[in-house]
Amino acid sequence: MAALCESFTLCGLGPSGGVGLGGGLSALEPGPDPDHVLLTDRGRTATLFKVSAQKPLGCWSVKHGQIITCPVVCNFETHEYIAVHDDKVLRIWKNKDINLDKVFKATLSADVYRIHSLPNGGPVVLFKGGGVRTLDVLLEAPQQEIENVISDEVIKWSEAFMEGQQPVLIFTTEKDGDFFVYIQKLKMNSLHKYKLEQQELSKPLSFTAYIKNKIITLLCLYSNDSVYKVLIPLQQNTEEEEQILSKSLLLNLSVSGSVLKGTSFVVLDKDHIAVLGSLAASGEESKECLTIWNTKFQTLQTSKELPLGTSGQLWCYEEKFFFTHGKVLTVIMYKCETSSLAAAVGKLKDSQTPDVSSFLNWNTLGDKELVVSFESQQSVALKSESKMTLRSKSNIVAEVQPDTLSVGQLLLSLKDASTTVLENELRQLMSKAQVPDLQATIGCVVTALINRCKQNPKYYPQNFLQQIVQTRDLSYSLCPDLMAVALEKKDVYLLQICLQQFPDIPEEITYACLKLFLSTSEAYLQRIDMNLESVICYIDIECNDKEVKTEILENGFNAELEQDIWDTKIPKETHLMANGEFCPVGPQKAALLNAVLHSAYSETFLLPHLKNLPAQQAVLFLRYLYYLYVKCSEKINTVLPGIRAPTINQIMDWMCLLLDAHFTVMVMLPEAKELLSSLHKFVRAQV
């Protein structure tokens, strides 16, 4: 039995380079630890991520004008990282290194196709001409001549294994529609070439392989929506002529009249493969999805629709799938168990299977398919009947017995319920202390509410969502769409709570909140009830009658801006300080900005976003930070009074970030010159 489990967002892939991946993700490789992965973008950057924390641990870039031309890998023996830029330039560095210009460099004599790093065999370098060297041999003489093994052929794919103590490399090439397979045994320096048997009217799109009992099993995904298997024994007579490899059909990617147009696939175990592609039924629009198939019984085990689209590439490490989904890199955990006929058809009883309904998307499948999916994944039957039947909207709530349903089945039964009934049932669900995995259940509830918001733009349970986030231990990864919807609805109070509660907010979202807060008028914020406990002790709530004309720039989240929220001329409240200076923002906006100052971030990934902040907003933010800095300096212990008030370190860190991002612009802005001069004088006096 195979099932998809919980999913989360590892990082953003926005055009501004949220995690240094502005050019798009090119490759993903295992890092020095099982919980680490190395991401290589299509430009100049490599990033090391800790998957469980969803946070970057390091980021390295080559100079402008240089391009990383093959995936960055980790040398598992030395814990060093290896990259090739501009096809021939080899770089090797360690975690402590920052500037790649100052790390080890070697210029090679031939273009590199790929580097494969083996846990017990060291890195192996494959050149575009088919030559192969271990890294140790290559570093002895970087300019050594590399033989050209292939003539007019183009390498399409490669992989490396360990057979005993011997590294084995396999790669496929293409020439004039013919495909060839090469097997290189490095220690024996033996190379075998095979020709892949042609398939009429179709060609291979993707390859994967594994080795067992000195036999390489090569799996090929063809354009005729089928997966074929090729067996290649390692023990071969070196004097034999080029052999033609015959293949056998392993799996047809079709089910119930629907055909999966696969783009990438991976092997999970001897009986299961995962395929990423577009599932199309006759007369219907194709939908991208991730699927798991049982090759032994020729069945589709599970699938997940991916409505935001993918790059077509699928990676798999440590029982986790990695793939791009829209503008984020998504991780989905999975499990595979012993293959049996009962499991293949979804009838295997397993009371310990976790409820994965927290990632339910009501738009992914039809009603009947949803029921089958929940029954097969969770194996939880109704006490009153052996098969769940969907009710009509009029009697759905009356007939459903929540105590007899799993969380997923309950949410499914409430799909068409009224707003009042939905919220009441979800409140009852959260109140049950005995619910297993309560945190995932709460994430499930939030997802259900957000899905309804997407289906009905007029529906937005503001108070309910605020109550959930305030009273429950949630994280961004459990409900990644929540803050996106709050930004769209301009729900600044909910965003304030999320910034205070969530420990794993991506820098791109933090920046979006900052931009929204700065561009929202004081008049609008005064009408909103929010938490002012971080500012009430040091900002005088009584304001003077001054009016300041402030240019408010459109924040980019909604083209149609409400007149009472977004105005070009806004009465701006200023709040008197003890020394006669004024706070540049009102208490509501100050409380929102304090929530941003408290959020966790990585300077490397926040800085590119801050550079996009409009100049007027950057000046306003710097004025507020300067105000806080002066207030802190008035205190002997440099601590502001109040709950969740920003610390002196947070204030200074953000001032440095903002100046790094906008220093040139601020020097040229007349309204910023006096501020910079005052800041300079104050800091000099402090020193």
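Begin by selecting Phe179 and Phe207, both of which are buried. This is a predicted model, and everything on the tour should be read with that in mind. The ring centres of Phe179 and Phe207 lie 6.4 Å apart with their planes at 50°, so the pair is tilted. If you now colour the strands, you will find Phe179 in strand 15 (residues 178–185) and Phe207 in strand 17 (residues 204–212), so that the pair links distant parts of the chain, 28 residues apart.

Tyr81 sits in strand 7 (residues 80–85) and Trp93 in strand 8 (residues 89–93), which means that the pair ties together parts that are twelve residues apart in sequence. Tyr81 has a relative accessible area of 0% and is therefore buried, and Trp93, with a relative accessible area of 1%, is buried as well.

Turn next to the cysteines. Select Cys74, which counts as buried because its relative accessibility is 1%, below the 20% cut-off, and then Cys583, which is buried with a relative accessible area of 0%. How many disulfides does a search of the whole structure find? The search finds zero.

For the last stop, show helix 13 (residues 587–598) together with helix 15 (residues 615–634), whose axes come within 12 Å and cross at roughly 85°. Because angles from 65 to 115 degrees count as roughly perpendicular, helix 13 is described as roughly perpendicular to helix 15. To see the contact itself, select Lys589, Ala590, Leu593, Asn594 and Leu597 on helix 13, and Leu620, Phe621, Tyr624, Leu625 and Leu628 on helix 15. Colouring this selection by residue class brings out the make-up of the contact between helix 13 and helix 15, which has eight nonpolar residues, one polar residue and one charged residue.

Key. Residues are numbered from 1 along each chain as its sequence is written. This is a predicted model: local features need pLDDT of at least 70, side-chain atom pairs count only at pLDDT 80 or more; totals for chains, interfaces and linings use all residues. Side-chain values use heavy atoms; hydrogens and water are left out. A disulfide is a pair of cysteine sulfur atoms within 2.5 Å. Buried means under 20% relative accessible area, exposed over 50%, partly exposed in between (1.4 Å probe, protein chains only). Axes are lines fitted to C-alpha atoms, for helices over the stretch in contact, and angles run from 0 to 180 degrees between N-to-C directions. Helices (H or I, at least four residues) and strands (E, at least two) are DSSP runs, numbered from the N terminus. Angles under 35 degrees count as roughly parallel, over 145 as roughly antiparallel, 65 to 115 as roughly perpendicular and the rest as oblique. Contact means heavy atoms within 4.5 Å. Ala, Val, Leu, Ile, Met, Phe, Trp, Tyr, Cys and Pro count as nonpolar, Asp, Glu, Lys and Arg as charged, and the others, Gly among them, as polar. Rings of Phe, Tyr and Trp (its six-membered ring) pair if their centres lie within 6.5 Å; planes under 30 degrees apart count as stacked, over 60 as edge-to-face and the rest as tilted.
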